[in-house]
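Please keep the sequence and the structure in view while reading.

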Amino acid sequence: MNSERQALIEAATRAAGNSRCPISGFQVGAALQVLNGPIVAGCNIENSTLSLAMCAERVALFNAISSGHVDFTELVIVAPKARQLCPPCGSCRQLIWEFAREARIVLVAPDGTQEELVITDLLPRPFDERYFS
């Protein structure tokens with residue numbers, strides 16, 4: 001495994017440790033590699049209504065975008081308590097399509113197993129500006 005990927009996995013794992021998930025107890029961390037820039041991470045954040053919860057992938061994307069970053073090469077997703085590789089939810093898939101569609105997506109299981117994907121593997125028929133422009 002290359003050192004850049006390892007740095008992303010470590011950042012995503014640290015972010016998962018910051019997770020606020022009092023209801024599910026299911027921690028998730030995500031880390032984005034900005035093209036020629038820093039690693040930006042995020043964790044999932046729940047609240048009692050659940051409908052206002054925010055996934056780690058979206059937090060990482062929003063952190064990066066709000067800091068002025070727009071080009072991403074890789075997104076690593078780690079769920080330390082998952083029984084297997086944990087892919088992004090549908091909402092996150094849509095946002096990855098819109099804001100990080102060129103990024104490789106790497107799912108990392110607790111045992112270290114990895115799977116590398118592209119967003120069209122997870123969202124083969126995305127909804128975007130083609131439908132309303």
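Which residues of H3 are buried? In this predicted model, the buried residues of H3 are Cys92, Arg93, Gln94, Leu95, Ile96, Trp97 and Ala100, and they pack against H2, S3, S4 and H4.

**Nonpolar cores**
- The largest nonpolar core comprises 26 residues, and those with the most contacts inside it are Leu32, Leu61, Phe72, Ile96, Ile105 and Ile119.
- At least two residues of this core come from each of strand S1 (29-34), helix H2 (56-66), strand S3 (72-78), helix H3 (90-100), strand S4 (104-108) and helix H4 (119-122).
- Another core, made of nine residues, lies apart from the largest one and includes Leu8, Ala11, Val78 and Val106.
- When its neighbours within four places in sequence are left aside, Ile96 is in contact with Leu61, Leu75, Pro88, Arg101, Ile105 and Ile119.

**Surface patch**
- Phe62, Ile65 and Phe99 together form a nonpolar patch on the surface, with about 230 Å² of accessible area.
- Phe99, which belongs to helix H3, counts as partly exposed because its relative accessibility is 36%, a value that falls between the 20% and 50% cut-offs.

**Hairpin of S1 and S2**
- Strand S1 pairs with strand S2 (residues 39-43) in the antiparallel sense over five bridges, and Gly29 stands opposite Cys43 in S2.
- Four residues lie between the two strands of this hairpin, in which Asn36 takes a positive phi near 55°.

Notes:
Residues numbered from 1 in each chain as written. Predicted model: local features only at pLDDT ≥ 70, side-chain atom pairs only at ≥ 80, totals over all residues. Heavy atoms only, no water. Core = buried A, V, L, I, M, F, W, Y, C linked by side-chain atoms within 4.5 Å. Buried < 20%, exposed > 50% of the residue type's maximum accessible area, 1.4 Å probe, protein only. Contact = heavy atoms within 4.5 Å. Patch = residues over 30% accessible without salt bridge, like charges linked within 9 Å, V, L, I, M, F, W, Y side chains within 5 Å. Areas by Shrake-Rupley, 256 points an atom, 1.4 Å probe, with all protein chains shown as cover. Salt bridge = Lys/Arg side-chain N within 4 Å of Asp/Glu carboxyl O. Pairing = 2+ DSSP bridges.
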